[in-house]
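Trainee: Please take one part of this model and go through it closely. I would like a single connected account.

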Amino acid sequence: MASDFRLKEQLPELTEQIVSTYTSDDSINHLGHCPLPSYTAVVDILLDFKDILYPGYKRHTNLHAGNIRYHVGGLIDSLHDQLTTQIARALRHEHRVLQNHKDCETDIDFEAKGQAMAIEMLKRIVKLRHVLATDVQAAHDGDPACQTTDEVVFCYPGFEAITVYRIAHELVQLNVPFIPRMMTEWAHKETGIDIHPGATIGDYFFIDHGTGVVIGETCHIGKHVKLYQGVTLGALSFPTDADGQLIRGQKRHPTIEDDVVVYANATILGGRTVIGRESVIGSSVWITRSVSPGTTVVLEKPQLKVRGSDEPADELRPEVNYQI
């Protein structure tokens, strides 16, 4: 059946109805000559970073000693330009929001500030490679199903999310607005793992399986920590001021000390909650207070009921270390 072109006569009127909703007090439009950071450009920046951090693994695989300097040099030059532009846009928009004005023109040279931050970010790539190498090793050492470190870089969603987090966290440290959160939310969409870029995470960090892991903004996680899927490191109820507005800038999320393992679907909440070093937190527990170092926390032993069988239900054996 052919389309009825007469129905298209309604489209100009529909367009006018939609555009009429784009008012000055509409909080979900951004019209004017001050562009926001570009989502696609931020994703491209992440892909370029990963090509530098893991040469030969990502988009370009035919790299060798004869062309690596040319390859990295081109990426560094591109990252300089992209970061300068996107950071300048983010800084300009943040300034407009904080000053509550619509004017795009200002005496502040946001491009110069963006370039300085871009250069500082590029200087941190060497440090990033050292830290991420420890995360690769933690994944290899912590998962008996992992045959090589190559497998971690290629295949592990937890490592993908950690990579993006570590890039974004460096930008947070440089006080770059908006862009770090754009990066980690892209990783969240890609991997199902939600790590706020403001969280502080030590070396040798491993997220096994990963789907559904949530790590809040003010979390402090030590070295050699291992999380399984579904773990939430979250906040308790949010405090408000006399006007009912959320109080920001306080520590709302837990501290996980060195050498802790947190099993699947455990929930640990609260800014005053500290999980002491070398503790083991069992699956599906709910924790809102601190745990002493060297402690194992598990639910009471579950009892299975099997209907339609004379066979007794198997009991969990406490001497077995149940891992996935």
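**The stacked tyrosines and the sheet**

Mentor: Tyr263 counts as buried, at 13% relative accessibility. Buried means under 20% relative accessible area, exposed over 50%, partly exposed in between, with a 1.4 Å probe and protein chains only. Tyr228 is buried too, at 1%. This is a predicted model: local features need pLDDT of at least 70, side-chain atom pairs count only at pLDDT 80 or more, and totals for chains, interfaces and linings use all residues. Residues are numbered from 1 along each chain as its sequence is written, and side-chain values use heavy atoms, with hydrogens and water left out.

The structure holds four aromatic pairs. Rings of Phe, Tyr and Trp (its six-membered ring) pair if their centres lie within 6.5 Å; planes under 30 degrees apart count as stacked, over 60 as edge-to-face and the rest as tilted. Tyr228 and Tyr263 are stacked, because their ring centres are 4.9 Å apart and their planes stand at 15 degrees. The two residues are 35 apart in the chain. Tyr228 lies in the loop between strand 6 (226-227) and strand 7 (232-234). Tyr263 lies in the loop between strand 9 (261-262) and strand 10 (267-269). Strands (E, at least two residues) are DSSP runs, numbered from the N terminus.

Four strands form an open sheet in the order 2-5-8-11, with parallel pairing. Strand 2 (200-201) and strand 11 (274-275) each have a single partner strand, so one side of each lacks a neighbour in the sheet. Two strands pair if DSSP finds at least two bridges between them. Strand 5 (residues 220-221) and strand 8 (residues 255-256) pair over two bridges. Ile221 has Ile256 in strand 8 as its bridge partner.
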